[in-house]
Amino acid sequence: MFRRRPFRPPPFRPLGRRPPPPVAPRVRRALRRAHEALERGDAAEAARIFRRLGEEAERRGMPLRAAIAFAEAAYAEAVGGDARRAVEEGERAVEIGAHLGRPGRVAPAVGRVIEALRRGGHEAEAAELEARLDAALEAVGTSRREVADRLAAARGQRRAQLPAKCEACGAPLLPDEVEWHDDTTASCPYCGSPIKAV
Ligand SMILES: [Zn+2]
């Protein structure tokens, strides 16, 4: 006869909220190359590096970091005009966010991809990715509007300003996309380095 193990609730921890540890120096250097490539307009190179980093993070069991990297690969593809690949990478980011039960966490980054697609005249692809994001948000009972309102409210409460870029990996730091720990401390969504807002 088997005996049922007594039910023990897991220790309380908001799901997936704990920031992953900072990445290895090698990964940080790759991130820096990718952000620099994007800045000088080499979108294809940036997308290639972000995609590779996303796949690596996925293999290493760091899904949120993978989702962030895929969203950035999608953004680079959208900026570079490869709308089809932008949708594919963007959907990968949404799928992972949905799987983690946190599609809202990737919504701002995926929103940037959608905007870039629209700016580039790729309306059909923008709408396709938007529909996928909306469905993932709806499945957890929220919406883009709600996520945007929540982020705007949080932004309004903060006095401190983020530095423009992450010193460790060169990523531009966007207030809606970094991981905030309190009003003045955050971590870089790409490399996990701590950031002080002043
Ligand atoms: Zn960083």
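Helix α4 covers residues 83-99, and at 1.5 Å a residue its 17 residues should span 24 Å, which agrees with the 24 Å between its end C-alpha atoms; the expected span is 1.5 Å times one less than the number of residues. The model is predicted, so local features need pLDDT of at least 70 and side-chain atom pairs count only at pLDDT 80 or more, while totals for chains, interfaces and linings use all residues. Residues are numbered from 1 along each chain as its sequence is written.

The protein chain holds seven helices and three strands, in the order α-α-α-α-α-α-α-β-β-β along the sequence. Helices (H or I, at least four residues) and strands (E, at least two) are DSSP runs, numbered from the N terminus. Of the 198 residues, 41% are buried, that is, with 20 or more other C-beta atoms within 10 Å of their own, C-beta atoms being placed from the backbone. Of the contacts between residues at least 6 apart in sequence, 54% join residues at least 24 apart; a contact requires C-beta atoms, placed from the backbone, within 7 Å.

In α4, the buried residues are A83, A86, V87, E89, G90, R92, A93, V94, I96 and G97. They pack against α2 (43-59), α3 (63-80), α5 (103-119) and α6 (123-139). After α4 comes G101, with a positive phi near 75°.

The packing of α4 on α6 has an angle of about 5° and axes 9 Å apart. Axes are lines fitted to C-alpha atoms, for helices over the stretch in contact, and angles run from 0 to 180 degrees between N-to-C directions. The two helices, α4 and α6, are therefore roughly parallel (angles under 35 degrees; over 145 counts as roughly antiparallel). Residues of α4 in this contact include A83, A86, V87, G90 and V94, and those of α6 include L129, L133 and A136.

The axes of α5 and α6 come within 9 Å and cross at roughly 170°, so that α5 and α6 are roughly antiparallel. The crossing of α5 past α6 is left-handed, meaning that the near helix is turned anticlockwise from the far one by less than a right angle. Among the residues that meet are P103, A107, V110 and L117 of α5, and A126, L129, L133 and L137 of α6.

Mean pLDDT for the protein chain is 92, and 90% of its residues reach 70 or more; pLDDT is the predictor's confidence in each residue, from 0 to 100. Over residues 9-16 pLDDT stays under 50, and the model has five contacts beyond four places in sequence for these residues. Where pLDDT is low, the predicted coordinates should not be read in detail.

Note on methods
Buried ≥ 20, exposed ≤ 12 C-beta atoms within 10 Å, placed from the backbone. Contact = placed C-beta atoms within 7 Å. Parallel < 35°, antiparallel > 145°, perpendicular 65-115°, else oblique.
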